[in-house]
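Open the model in your viewer and follow the stops below. Each one says what to select and what is there.

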Amino acid sequence: MNEVRLPAYAKINLTLDVLGKRADGFHELSMVMQSVTLADTVTITKREGTGLSLSTNLGFLPGTDKNIAAVAARAFADDTGVSLDGIHIDLHKQIPVCAGTAGGSSDGAAVLRGLNRLFETGLSLEELAKLGEKVGSDVPYCVLGCTALAEGRGEVLTKLPSLPDCTILLCKPAFPISTPELFHKIDDTKLHLHPDTAGMIHALEQNDLPGVCHRMFNVFEAVLPQSRREEVEEIKSAMLGGGALGACMSGTGPTVFGIFEHPEKAEKVYRTLSAFYPETYLTRTVCESDLSDR
């Protein structure tokens with residue numbers, strides 16, 4: 001085998017809670033995460049040559065020095081002893097960049113899975129997820145995918161019942177978000193509202209899509225700058241007004257997602273929002289069968 005190609009699925013946060021700052025400088029998190037079918041394509045090729053190389057369809061992304069896909073490849077090589085000489089990674093990006101949807105982390109996770117297949121090293125998904133902790137906080141989740149509770153820095157994972165099949169509309173507003181700045185604001189803010197994580201898990205266990213949507217909540221929305229928060233609220237209102245059962249910001253943003261039971265309603269809101277926001281996507285949940293070829 002000289003080449004593997006696999007999807008790197010985006011994620012959304014059905015809930016996101018920050019429980020405090022840890023002694024190691026990271027934050028203690030509690031998040032219910034869900035994979036969606038919007039995906040990058042990661043192709044790993046074994047060629048003649050020396051060293052690791054990387055290409056993308058987006059020229060502004062970093063190369064092999066800082067790109068998380070290359071970081072993942074080096075972590076895999078350090079752990080397994082394989083040589084990266086002649087290994088080329090190509091990233092065809094579809095997931096929006098710096099959007100709170102784990103585009104980089106999903107690429108890193110796909111590289112770990114792809115190299116495991118290419119070199120036939122036989123690591124389990126759990127072992128790859130553990131290795132992903134060295135690459136980035138969301139990488140372990142992206143290795144496993146589907147629906148999960150993520151705790152600690154995001155690396156302590158508990159598999160949950162799948163989100164009922166639905167249509168998910170993603171909309172990324174054009175403004176940038178500084179993740180370190182938002183975490184700093186969280187540290188300086190007394191949060192009065194937190195997600196009902198236990199209720200969210202119960203709704204998933206009951207296959208209760210309206211119950212899931214009723215409990216979607218992200219604490220970072222409260223610490224957005226006012227003008228940014230207003231824009232996020234406008235997008236959420238457009239989704240809810242168009243028939244979404246719930247709408248929320250994902251990660252540290254700025255992407256907003258809405259969950260629709262009826263695809264035709266999602267398509268109508270998509271047409272409205274995409275006229276103002278080019279990075280708007282119709283997608284669906286990822287289930288175990290989508291990940292069967294990992």
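Predicted model: local features only at pLDDT ≥ 70, side-chain atom pairs only at ≥ 80, totals over all residues.

Residues are numbered from 1 along each chain as its sequence is written, and side-chain values use heavy atoms, leaving out hydrogens and water.

**Whole chain**

Show the cartoon. You have 9 helices and 11 strands. These are DSSP runs numbered from the N terminus: helices are H or I with at least four residues, strands are E with at least two. The radius of gyration (over C-alpha atoms) is 19 Å, close to the 19 Å from the globule rule (2.2 Å times the number of residues to the power 0.38) for 294 residues, so the chain is as compact as a globular protein of that length. Switch to the C-alpha trace: it spans about 55 × 45 × 40 Å along its principal axes.

Colour by burial next. Of the 294 residues, 53% count as buried, meaning under 20% relative accessible area with a 1.4 Å probe, protein chains only.

**Strands β2 and β4**

Select residues 27–46, strand β2, and residues 87–92, strand β4. They pair in the antiparallel sense over 6 bridges. Pairing requires that DSSP finds at least two bridges between two strands. Zoom to Thr41: it stands opposite His92 in β4.

Which residue of β4 does Ser55 stand opposite? Ser55 faces Asp90 there.

Note on methods:
Buried < 20%, exposed > 50% of the residue type's maximum accessible area, 1.4 Å probe, protein only.
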